[in-house]
Amino acid sequence: MTRVNVQYFAILREQRGLMSETLETNAPTVSGLYEELRARHGFTLPGNRVRAAVNDAFVPQSHVLREGDRVVFIPPVAGG
Amino acid sequence: MKSFAISVEPIDVTACARRLADDRAGALVTFEGWVRNHNDGQQVGSLEYEAYAPLAESEGERILAEARERFALSGAVAVHRTGHLRIGELAVWVGVTAEHRAAAFDACRYIIDEAKARLPIWKKEHYASGATAWINCATRGEHAGGSAP
């Protein structure tokens with residue numbers, strides 16, 4: 001099990017009902033973690049529409065999770 | 001002070017422009033993004049902006065650095081608001097200085113286009129009907145909520 005902190009923004013924050021949480025996961029990668037959380041909390045966005053950041057930097061979906069990582073899933077952006 | 005900032009306070013345009021003051025510059029091009037009262041056929045009452053600030057700021061700095069590399073600039077500054085904004089409020093400001101206007105126009109366009117596509121910032125429209133929608137986040141079966149990115 002890997003212990004990570006997940007921060008939620010925008011539509012994911014609302015669908016989770018939390019801004020952040022620390023949890024343990026068996027998912028090896030960020031995409032695996034997203035699918036796990038999506039199944040648990042009913043996130044509407046499919047994984048292919050969500051980017052990921054770990055420790056405040058963008059990472060690919062294949063990024064391998066490490067103990068203590070701060071993970072953010074990034075819904076489609078809409079600045080400006 | 002950084003060149004790119006996320007601001008929870010209203011953007012002080014005069015202060016932003018003053019930071020670009022430069023005797024070598026012959027051109028200042030600015031872009032202001034305003035909160036509009038309609039989108040995609042719906043009346044919009046207000047807009048809520050949310051940012052993942054640490055990554056938005058580092059990505060914003062990266063975009064400004066790219067603009068400085070690509071165009072012959074004297075300076076570049078950008079600020080993006082967060083929070084609940086009313087119609088007509090300033091959501092984003094970009095200012096670019098250069099010796100000549102062509103580089104300034106091109107760089108300003110580059111910065112706002114990249115910012116819209118890349119910064120981890122989200123907006124939620126509040127409609128006159130009372131409904132709300134996160135733009136670009138609709139999934140099949142829901143109202144489209146906004147234009148494609």
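## Core and chain B

In this predicted model, the largest nonpolar core has 57 residues, and those with the most contacts inside it are B:Ala78, B:Val96, B:Ala107 and B:Ile111. Helix α3(B) gives the largest share of this core, namely 7 residues.

Strand β8 of chain B holds B:Lys124, which counts as buried because it has 20 C-beta neighbours inside 10 Å. Not counting residues up to four places away in sequence, B:Lys124 touches B:Glu48, B:Thr132, B:Ala133 and B:Trp134. B:Lys124 and B:Leu20, by contrast, are 104 residues apart in sequence and 32 Å apart in space, C-alpha to C-alpha.

## Chain A and the two α2 helices

In chain A, helix α2 buries A:Val30, A:Leu33, A:Tyr34 and A:Leu37. These residues cover an arc of only 100° around the axis, so they lie on the same side of α2(A). An α-helix has 3.6 residues a turn, so residues three or four places apart point the same way. The buried residues of α2(A) are covered by elements including β2 (20-25), β3 (51-54), β4 (57-59) and β5 (70-74) of chain A. Just after α2(A), A:Gly42 takes a positive phi of about 70°.

| Helix | Residues | End-to-end C-alpha distance | Expected span |
|---|---|---|---|
| α2(A), 30-41 | 12 residues | 16 Å | 16 Å |

Most residues other than glycine have a negative phi. A:Ala10 has a positive phi of about 55° although it is not a glycine, and its place is in helix α1 of chain A. A:Asp56, whose phi is near 70°, lies in the loop between β3 and β4 of chain A. Are these residues buried or exposed, going by the C-beta atoms within 10 Å? A:Ala10 is buried, with 27 other C-beta atoms within 10 Å, whereas A:Asp56 is partly exposed, with 14.

## Interface and confidence

Where the chains meet, 15 residues of chain A are in contact with 23 residues of chain B. On the side of chain A that touches chain B, the elements giving two or more residues are α1 (10-16) and β5 of chain A. By class, that side has 11 nonpolar, 3 polar and 1 charged residues.

For the complex, the predictor gives an ipTM of 0.96 and a pTM of 0.93. Chain B has a mean pLDDT of 93, with 93% of its residues reaching 70 or more. Over residues 144-149 of chain B, however, the pLDDT is below 50, and this stretch has 16 contacts in the model beyond near neighbours in sequence.

Conventions: Residues numbered from 1 in each chain as written. Chains lettered and ligands numbered in written order. Predicted model: local features only at pLDDT ≥ 70, side-chain atom pairs only at ≥ 80, totals over all residues. pLDDT = per-residue confidence, 0-100. Contact = placed C-beta atoms within 7 Å. Helix = DSSP H or I, 4+ residues; strand = E, 2+ residues; numbered from the N terminus. Expected span 1.5 Å × (residues − 1). Buried ≥ 20, exposed ≤ 12 C-beta atoms within 10 Å, placed from the backbone. Arc of directions from axis to C-beta. Nonpolar A, V, L, I, M, F, W, Y, C, P; charged D, E, K, R; others polar. Core = buried A, V, L, I, M, F, W, Y, C linked by C-beta atoms within 7 Å.
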